[in-house]
Amino acid sequence: MSLQCGIVGLPNVGKSTLFNALTAAKVLAANYPFATKDPNVGIITVPDERLNELEKLVKPERVLPTTVEIVDIAGLIKGASQGEGLGNQFLANIREVDAILHVIRCFEDDNVVHVDGSVDPVRDKEIIDTELILKDIDTATKRVERLQRSAKSADKDAKKALEAGQYILDKLEEGVPARVLDLTEDQKEQLNEMMLLTAKPVLYVCNVDENSVISGNHYTEEFKKAVAEENANIVLISAEIESEIIQLDDPEERLIFLEEMGLKEPGVNRLIRASYELLNLITYFTCGVKEVRAWTVLEGAKAPEAAGVIHSDFEAGFIRAEVISYEDFVKYGSEAAVKEAGKMRIEGKDYIVKDGDVMHFRFNV
């Protein structure tokens with residue numbers, strides 16, 4: 001799928017270093033604002049231990065994981081909503097992504113200059129939020145003005161739409177990001193029409209020093225308190241550590257390095273999985289001697305949609321899906337054993353795909 005997470009944040013918080021670690025793309029990471037002028041896009045493999053287990057059982061010719069796209073977007077400064085710095089470009093790029101990875105600097109380093117002269121994660125977050133909200137107010141105002149003209153016709157639906165749009169605009173003007181609003185169906189419809197920047201789901205990535213990567217520090221604690229009401233996920237990661245890990249080609253060396261750091265796996269693995277969840281994605285599998293493969297669908301997708309991810313003909317000519325839960329596949333050890341145990345299900349067009357389903361589609365064209 002082409003859904004994307006955009007890495008955003010102030011300049012010099014570690015965005016490009018993190019992007020390099022995620023993609024090993026070696027994009028420019030420099031100690032000055034706007035090192036990233038054009039967005040870099042990386043296609044990232046999603047770590048999934050279930051693929052390893054399926055490979056052991058099926059012994060296919062190849063294994064293909066699923067992926068997610070990550071975009072490294074230019075750093076934002078105060079005044080971006082008015083075009084300061086690379087503001088217009090930043091806001092245009094963020095409008096194109098489906099979710100936001102907001103990188104927050106939670107480390108001290110005299111060699112890496114903070115754009116505002118001091119480390120303050122809460123202030124940094126508020127700067128980004130303020131600029132996005134200001135841009136959203138501009139967008140919402142234009143929408144409400146159009147709705148006001150429509151409402152003059154005395155049409156009830158137009159008046160309802162105006163009330164919904166006005167409510168969202170009022171909340172934005174109070175400084176409330178659209179993503180935290182508790183909305184009615186009418187208000188949700190208007191929110192979708194507005195395509196607001198602050199409506200996008202957010203994952204906060206606290207970039208810490210290597211001594212804070214497990215338990216955090218006073219910066220991360222203050223930040224957690226500041227975002228507690230947002231109910232957003234927070235990932236602690238040291239972009240510097242991750243950049244060192246990707247330079248180790250030997251798996252044994254990587255394992256030793258991780259053990260020395262007290263880590264079970266690279267932090268980017270956790271971040272990638274969290275990004276995948278942020279986009280509301282789930283994984284289903286196809287298994288055969290030629291290929292074991294992970295496929296991506298939106299949570300709530302029905303069987304024909306899942307079939308269409310493989311090929312449009314599969315969706316157009318969908319007849320049924322043969323479905324095995326991942327747990328049953330591992331428990332019984334093979335498709336044949338699952339069938340013998342009566343654990344394979346035959347599902348129709350209304351079946352909602354579950355994360356971990358092992359699926360085989362029957363179709364005609």
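Select histidine 102: at 3% relative accessibility, this residue counts as buried (buried means under 20% relative accessible area, exposed over 50% and partly exposed in between, with a 1.4 Å probe and protein chains only). The model is predicted, so local features need pLDDT of at least 70 and side-chain atom pairs count only at pLDDT 80 or more, while totals for chains, interfaces and linings use all residues. Residues are numbered from 1 along each chain as its sequence is written, and side-chain values use heavy atoms, with hydrogens and water left out.

Histidine 102 is found in strand E5 (residues 99-105). Helices (H or I, at least four residues) and strands (E, at least two) are DSSP runs, numbered from the N terminus. Show the residues around histidine 102 next. Leaving aside neighbours within four places in sequence, histidine 102 is in contact with Val8, Gly9, Lys125, Ile128, Val202, Leu203, Tyr204 and Val205; contact means heavy atoms within 4.5 Å.

Now select the whole of E5. Seven of its seven residues are buried, so the strand is largely enclosed by the rest of the structure. Ala99, Leu101, Val103 and Arg105 point one way, and Ile100, His102 and Ile104 point the other way.

Two strands pair if DSSP finds at least two bridges between them. Strand E1 (residues 4-8) pairs with E5 in the parallel sense over four bridges, and here cysteine 5 stands opposite alanine 99. Strand E6 (residues 202-207) also runs parallel to E5, joined to it by six bridges. In this pairing, isoleucine 104 stands opposite cysteine 206.

Next, colour the nonpolar residues. A nonpolar core is a set of buried Ala, Val, Leu, Ile, Met, Phe, Trp, Tyr and Cys residues joined through side-chain atoms within 4.5 Å. The largest one has 58 residues, and those with the most contacts inside it are Leu18, Leu22, Ile70, Ile94, Leu101, Leu203 and Val205. Helix H10 (residues 267-278) gives the most to this core, with six residues. Apart from this core lies another, of 17 residues, among them Ala140, Leu169, Leu172 and Met194.

Return to isoleucine 94. Beyond its neighbours within four places in sequence, isoleucine 94 is in contact with Val8, Ile73, Ile100, Leu132, Leu197 and Lys200.

Move on to the aromatic rings. Rings of Phe, Tyr and Trp (its six-membered ring) pair if their centres lie within 6.5 Å; planes under 30 degrees apart count as stacked, over 60 as edge-to-face and the rest as tilted. The whole structure has five aromatic pairs. Select tyrosine 284 and phenylalanine 361, an edge-to-face pair at 5.9 Å centre to centre with 90° between the planes. Tyrosine 284 is in strand E8 (residues 281-287) and phenylalanine 361 in strand E12 (residues 358-363), 77 residues apart. Both residues are buried.

From Phe318, go to proline 304, which is in contact with Glu315, Phe318 and Lys349 when neighbours within four places in sequence are left aside. Proline 304 is found in helix H11 (residues 303-310) and is buried, with a relative accessible area of 13%. Its C-alpha atom is separated by 8.3 Å from that of aspartate 350, 46 residues apart along the chain.

Finally, zoom out to the whole protein. There are 14 helices and 12 strands, and 48% of the 365 residues count as buried.
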